[in-house]
Amino acid sequence: MSTLFHSALRVRQFFTEFLPQPPSTELMRMVQDLCNAAGRPLQFKIFDDNVHGETEFNPESVLLGLGAAAPSEGLIAHELAHALLETRGWPRYFGTEAGDHWLGKVQVILLNLADHSAGIGLQVHYGIDARAHEEVLLAQSEASIQRLLDRADLIPKVGLSGSQLVEFGTGIALTCLDYYWRTGGLPDSFFAAMDLIDGSRDLFTSLAECAPDGVPQDGGAARRLMGTLIERIDDYLQEEAGIRPLALLGHFVPSSFANDVHRPVEQVATLLQKALPTPGDFLITVIPHRDGLPFSFRQILPPHQGDDAFLNWTGQQPFGALARQVVPPEYLIWQPTGSPV
């Protein structure tokens, strides 16, 4: 088990051993702000086989996994930014599709592209030079696009179906959007990759228009942006393949808006009910009005209870109580910053 650091001073001692030079005042200010916002100790884990890090909140600590890259303030600040954004009510999933399913990959890309752009801005706000570490991550995106272009002649030969081409084009558009929001521009190779699939560049353009100045750093605006992105991607998928999977299968951790916690669900959200193949088994989807980020749960109704009766009962429950009941306890529900209360 990693060491729990209960104060910024203890974290500084760890950084002094980990970094090639003593940590800067700017990095320690970032640490102190996270300690204050999270209200729990920090934990650090160093990966030796993956350049990507991770951030995880749990009841005991904030776990910050540092990717297998050269120790630097940028490496640390990248994960600190993820954690600080989460304390601001940032969009987070508590359930996604399987990681090997195309929709699961889209869901992961969606969160990362919002995090990365806002995280870079947050680091700049603290006065941290994170360019070296960000260039490592950007180089990975550039390499993946180049590998795709190197194999472009195989796409017609593989014989992808129409839906597979749509899925492929969605992934390319989001990869390009991630790069664009992090850097403010795109190399020609990224446009060439999007042009391999009809509609991919149009989807990229539509999504990029949602945040012409980049992703905001406050939670409320970021949640509304994510809701808009999901709606536009589902519009594209419905037009091309007749499906709207992100709204139906996305399980976002809801926000705790102060005015909504005690109000009935029906006043702050739209409720949808879909019958599942098993008799009496239903999927209940809650779509909050403030940000449009859905969360769902399954409900098996007894034979004597009508479908509408349960939906009406759910609509009368306090929104905060329902959200806390649906979302697993290991996920924290934050009040977003930068939002009306």
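Trainee: What is the order of the strands in the open sheet of four strands?

Mentor: Strands of a sheet pair through backbone hydrogen bonds, in either a parallel or an antiparallel way. Here the order is E1-E2-E4-E3, and the pairing is mixed. Strands are DSSP runs (E, at least two residues) and helices are too (H or I, at least four), numbered from the N terminus. Two strands pair if DSSP finds at least two bridges between them. One caution: this is a predicted model, where local features need pLDDT of at least 70, side-chain atom pairs count only at pLDDT 80 or more, and totals for chains, interfaces and linings use all residues. Residues are numbered from 1 along each chain as its sequence is written, and side-chain values use heavy atoms, leaving out hydrogens and water.

Trainee: Which are the edge strands?

Mentor: Strand E1 (4-5) and strand E3 (54-57), since each pairs on one side only.

Trainee: In which sense do E2 and E4 pair?

Mentor: Strand E2 (residues 42-46) and strand E4 (residues 62-66) run parallel, with five bridges. Gln 43 has Leu 63 in E4 as its bridge partner.

Trainee: In which sense do E7 and E8 pair?

Mentor: Strand E7 (residues 269-275) and E8 are antiparallel, over seven bridges. Look for Leu 272 opposite Thr 285 in E8. Their hairpin has five residues between the strands, and Gly 280 there takes a positive phi near 80 degrees.

Trainee: And which residue takes a positive phi in the hairpin of E8 and E9?

Mentor: Gly 292, with phi near 75 degrees; that hairpin has six residues between the strands. E8 and strand E9 (residues 295-300) pair antiparallel over six bridges, with Val 286 opposite Phe 295 in E9.

Trainee: Why is strand E8 largely enclosed?

Mentor: Because seven of the eight residues of E8 (residues 281-288) are buried. Buried means under 20% relative accessible area, exposed means over 50%, and partly exposed lies in between (1.4 Å probe, protein chains only).

Trainee: Is Ala 173 buried or exposed?

Mentor: Buried, at 0% relative accessibility. Ala 173 lies in helix H7 (residues 162-183).

Trainee: Which residues gather in a patch of negative charge on the surface?

Mentor: Asp 198, Asp 202, Glu 239 and Glu 240. Patch residues have over 30% relative accessible area and no salt bridge, and like charges are joined within 9 Å; a salt bridge is a side-chain nitrogen of Lys or Arg within 4 Å of a carboxyl oxygen of Asp or Glu. Glu 240 sits in helix H10 (residues 219-241) and is partly exposed, at 42% relative accessible area.

Technical notes
Patch = residues over 30% accessible without salt bridge, like charges linked within 9 Å, V, L, I, M, F, W, Y side chains within 5 Å. Areas by Shrake-Rupley, 256 points an atom, 1.4 Å probe, with all protein chains shown as cover. Lys, Arg positive; Asp, Glu negative; His and termini not counted. Charge placed at Lys NZ, Arg CZ, Asp CG, Glu CD.
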